[in-house]
Amino acid sequence: MSDSGGTFTTGRRATYVDLSLFQIVEGLRYAFPKRMRQFEREIPKLVELCDRVATRPNIKAYLASDRRIPFNEDGIFRHYKELDS
């Protein structure tokens, strides 16, 4: 993210791009936990970005709230045990 001049994809402020990347990475972590643990070593800047998004005060509060619908077996990001190698 350093090419943008800040800690987020387009600079010093979080955007919908950052939020979307966070949601995708978190969903893949849920769907494919084994594979993502291996793959995250290859994408350290993206992992760091997702960690930064998760620690933003409003995001952190939302993630801990009852309003958040957790990943489950009914959505697109369900655990695909048979594909998670």
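## A tour of rings, a pocket and a buried glutamate

Begin by selecting Y30, F71 and F77, which ring pairs link into a cluster; rings of Phe, Tyr and Trp (its six-membered ring) pair if their centres lie within 6.5 Å. This is a predicted model, in which local features need pLDDT of at least 70 and side-chain atom pairs count only at pLDDT 80 or more, while totals for chains, interfaces and linings use all residues. Residues are numbered from 1 along each chain as its sequence is written, and side-chain values use heavy atoms, with hydrogens and water left out.

**The ring pairs**

Across the whole structure, a search finds 3 aromatic pairs. Keep Y30 and F71 selected, since they form a stacked pair, with 5.6 Å from centre to centre and 25° between the planes; planes under 30 degrees apart count as stacked, over 60 as edge-to-face and the rest as tilted. This pair links distant parts of the chain, with Y30 in helix α1 and F71 in the segment after α4, 41 residues apart; helices are DSSP runs (H or I, at least four residues), numbered from the N terminus.

Next, select F32 and Y80, whose ring centres are 5.5 Å apart and whose planes meet at 15°, so this pair is stacked. Because F32 lies in the loop between α1 and α2 (33-39) and Y80 in the segment after α4, the pair ties together parts that are 48 residues apart in sequence.

**The largest pocket**

Now select L19, F22, Q23, I59, Y62, L63, R68, I69, P70 and F71, which line the largest pocket. A pocket is found on a 1 Å grid over the protein atoms alone, as an open set of points where a 1.4 Å probe fits, with protein on both sides within 12 Å along at least five of seven lines, and lining residues have an atom within 4 Å of a point. The space in this pocket is about 160 Å³. Helices α1 (16-31) and α4 (57-63) each supply at least two residues of the lining.

**A buried glutamate**

Finally, select E40, which is placed in the loop between α2 and α3 (44-55). E40 is buried, with a relative accessible area of 18%. Leaving aside neighbours within four places in sequence, E40 is in contact (heavy atoms within 4.5 Å) with R29 and V47.

Terms used. Grid points are joined across faces, edges and corners, and a volume is the space filled by probe spheres set on the points. Buried means under 20% relative accessible area, exposed over 50%, partly exposed in between (1.4 Å probe, protein chains only).
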